[in-house]
Amino acid sequence: MWKLLSDYRRYDPAAQSTLEIFLFYPGVKALLFHRVAHFFFKLKIPLLPRFISELSRFLTGIDIHPGAQMGAVIIDHGMGVVIGETAIVGDGVIIYQGVTLGGTSLRREKRHPTIGERVVIGAGAKVLGAIEIGAGTRIGSNSVVVESVPPHSTVVGIPGKVIKRGIREGEELNHEKIQDAKGPDENRG
C-alpha cells in the first residue's frame, strides 16, 4: 500500500499529502475495495465479492471485477474505468479515466488483456481481448487496441498501431510527444 501511495505522490504534482491521496483519491479506494473483493473471490464465496465490487463502483465510478488480478496500479481520476474478470494488470501501470480492459469472448476462458509493468493507458482507450501489452508501453488516448503489443512501444489509433518503439524511462507521461499514426509530416495536409 505504501508503494502505491508513494507512486501517486510521484506522478501527481497536485497531491498535497499522502493522507489526502489515501482519503480522497478514487483509484486508491477502488483498489482497496478490489483487494477485499478479490480475497473473497479466490475463496469462492458467492455474491459477497460482487457486492463489494458493486459498492466500490457506486462510490468511486471505477468498475473492477473481483476476479481481475491487479498489481500496484495508479487509476488517475478513474471515472468510467472498467476492468474485466480475467484481466491481469502489472505493477506501476497508470490508467486514466474512461479506460476499458474488456473481453471479446463469451466462453469461460482468459478473455481480457494482460498489461505488463509500467504501461500508461491514456484516457478513453479500449484494450480488448486476451492480448498482451508489453512492459513500458504507452497507449494513446481513445485508441482501440485489439492485438498484442511488444514492450516499450507507443500505440495510437483505431485499431491501435505501434508507431514508435523504444520509450525511454521518464517519457511515459509525455503524451504531447505522441504523434498520430500518420506521422508528423502527413498531418500537415
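Helices (H or I, at least four residues) and strands (E, at least two) are DSSP runs, numbered from the N terminus. The model is predicted: local features need pLDDT of at least 70, side-chain atom pairs count only at pLDDT 80 or more, and totals for chains, interfaces and linings use all residues. Residues are numbered from 1 along each chain as its sequence is written, and side-chain values use heavy atoms, with hydrogens and water left out.

Now select L4, L5, D7 and Y8, the buried residues of α1. They cover an arc of only 155 degrees around the axis, and therefore lie on the same side of α1; the arc is that of the directions from the helix axis to the C-beta atoms. An α-helix has 3.6 residues a turn, so residues three or four places apart point the same way. The buried residues of α1 pack against α2 (18-24), α3 and β3 (74-76).

Next, show helix α3 (residues 26-42) together with helix α4 (residues 48-60). Their axes are 8 Å apart and the packing angle is about 175 degrees. Axes are lines fitted to C-alpha atoms, for helices over the stretch in contact, and angles run from 0 to 180 degrees between N-to-C directions. Angles under 35 degrees count as roughly parallel, over 145 as roughly antiparallel, 65 to 115 as roughly perpendicular and the rest as oblique; α3 and α4 are therefore roughly antiparallel to each other.

To see where these helices meet, select P26, K29, A30, F33, V36, A37, F40 and F41 in α3, then L48, P49, I52, S53, L55, S56, L59 and T60 in α4. Contact means heavy atoms within 4.5 Å. The residues of the contact of α3 with α4 comprise 12 nonpolar, three polar and one charged. In this grouping Ala, Val, Leu, Ile, Met, Phe, Trp, Tyr, Cys and Pro count as nonpolar, Asp, Glu, Lys and Arg as charged, and the others, Gly among them, as polar.

Remain in α3 and select K29, which is partly exposed, with a relative accessible area of 32%. Leaving aside neighbours within four places in sequence, K29 is in contact with L23, F24 and T60. K29 and T60 are 31 residues apart in sequence, and their C-alpha atoms are 7.3 Å apart in space.

Then select F39 and F40, an edge-to-face aromatic pair with 5.3 Å centre to centre and 70 degrees between the planes. Rings of Phe, Tyr and Trp (its six-membered ring) pair if their centres lie within 6.5 Å; planes under 30 degrees apart count as stacked, over 60 as edge-to-face and the rest as tilted. F39 is partly exposed at 47% relative accessibility, and F40 is partly exposed at 22%.

The last stops concern the backbone. Most residues other than glycine have a negative phi, and most peptide bonds are trans. Select K44, in the loop between α3 and α4: its phi is positive, about 60 degrees, although K44 is not a glycine. H77, in the loop between β3 and β4 (82-83), also has a positive phi, near 65 degrees. Finally, select I158 and P159, where the peptide bond is cis, with omega near -10 degrees; P159 lies in the loop between β14 (153-156) and β15 (161-165).

Definitions and conventions
Buried means under 20% relative accessible area, exposed over 50%, partly exposed in between (1.4 Å probe, protein chains only).
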